[in-house]
Amino acid sequence: MRKHITGFSNATVKYLRSLREKKHRKREGKFLAEGLRLLTDARESGRVPEVLVMAERRDDHPLLSALENAVESAGGEVITTSPDILGKITGKDNPQSVAGVFAEFDTSLGALDRTSAKIWLVAQALRDPGNLGTMLRTGDAIGAGGLILIDDCADPFSVEAVRASMGAIFTQNIARAPWSEFHNWLREGEGQLVAASLRDAVPYREAPYAAPCFVMVGNESQGLPEAYEAACDLRVTMPMKGRADSLNAAVAAAVLGYEVLASLDR
């Protein structure tokens with residue numbers, strides 16, 4: 001189905017705008033993604049938007065045509081509107097030429113196959129959606145199976161997290177669970193839990209990593225709770241040669257993730 005929207009007060013515009021807020025995303029089970037590259041990554045990963053919104057007077061592009069065809073073939077809706085209205089929907093002054101509405105994914109631990117990858121990333125109480133999106137992007141880069149969010153983390157389907165993931169929201173599995181549920185699930189099968197820590201830790205480049213390896217980082221300001229670190233199979237430390245006493249959570253996950261990848265590939 002196709003339609004054209006010209007008014008800011010249109011009910012569809014209000015609905016699409018509402019998906020920028022967590023309570024509405026949760027109620028609808030939908031989220032917004034913006035940009036041709038990101039939506040192309042989604043299509044190539046087998047996920048097609050239910051609604052495709054395009055700006056008028058945009059440049060023709062074969063990837064956009066492929067996206068339109070995919071949405072129409074799947075029975076979705078294609079909407080054209082002005083750049084100003086598209087900017088109101090996405091919350092950006094200079095929006096990209098296209099945005100899409102997707103159904104949220106299954107985020108239960110039961111949906112994961114731990115044996116499908118050598119590495120998994122785990123984040124505990126991560127509050128910054130930019131960090132969350134960056135961890136998804138890192139997971140894609142290192143071939144991780146996905147990102148497991150423990151306790152009260154930022155929403156992976158927020159506009160900010162989706163944007164920061166640079167398309168990895170569509171290539172990485174995502175699961176959400178409280179610590180106790182995650183720990184019980186992990187111990188029901190294979191899996192080495194590794195944390196960046198200062199407590200009884202070994203140098204990260206000398207650690208005996210084993211697949212599947214679950215690399216866990218903690219909250220940006222507080223780090224991991226001591227009880228969580230104690231439950232890990234391995235605690236590793238990364239040298240701080242300057243005045244900083246720690247790395248950004250997403251950066252730490254990337255550094256440690258690449259070291260685990262190199263170790264397991266040797």
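Strands (E, at least two residues) and helices (H or I, at least four) are DSSP runs, numbered from the N terminus.

This is a predicted model, in which local features need pLDDT of at least 70, side-chain atom pairs count only at pLDDT 80 or more, and totals for chains, interfaces and linings use all residues. Residues are numbered from 1 along each chain as its sequence is written, and side-chain values use heavy atoms, with hydrogens and water left out.

1. **The cavity.** On a 1 Å grid over the protein atoms alone, a cavity is a set of points where a 1.4 Å probe fits but cannot get out. Lining residues have an atom within 4 Å of a point. Grid points are joined across faces, edges and corners, and a volume is the space filled by probe spheres set on the points. The structure has one cavity of 30 Å³ or more. The largest cavity holds about 40 Å³. Its lining is Leu32, Ala33, Glu34, Thr90, Ala99 and Val159. Strand E2 (residues 30-34) gives the largest share, three residues.

2. Ala, Val, Leu, Ile, Met, Phe, Trp, Tyr, Cys and Pro count as nonpolar; Asp, Glu, Lys and Arg count as charged; the others, Gly among them, count as polar. The lining of the largest cavity splits into four nonpolar, one polar and one charged.

3. **The second largest pocket.** A pocket is an open set of points with protein on both sides within 12 Å along at least five of seven lines. Of its 14 lining residues, Glu34, Leu38, Gln96, Arg163 and Met166 lie nearest its centre. E2, helix H3 (36-44) and helix H7 (159-165) each supply at least two lining residues. Seven are nonpolar, three polar and four charged.

4. **The largest pocket.** This one holds about 600 Å³. It is lined by 22 residues, with Ala196, Gly223, Asp245, Ser246 and Leu247 closest to its centre. Strand E12 (234-237) and H10 each supply at least two. The lining has 10 nonpolar, eight polar and four charged residues.

5. **H6 against H10.** Axes are lines fitted to C-alpha atoms, for helices over the stretch in contact, and angles run from 0 to 180 degrees between N-to-C directions. The axes of H6 (residues 129-142) and H10 (residues 249-265) come within 9 Å and cross at roughly 15°. H6 and H10 are therefore roughly parallel (angles under 35 degrees).

6. **Their contact.** Contact means heavy atoms within 4.5 Å. On the H6 side are Asn131, Thr134, Met135, Thr138, Ala141 and Ile142; they meet Ala250, Ala253, Ala254, Gly257, Tyr258 and Leu261 in H10. Eight of the residues are nonpolar, four polar and none charged.

Methods. Parallel < 35°, antiparallel > 145°, perpendicular 65-115°, else oblique.
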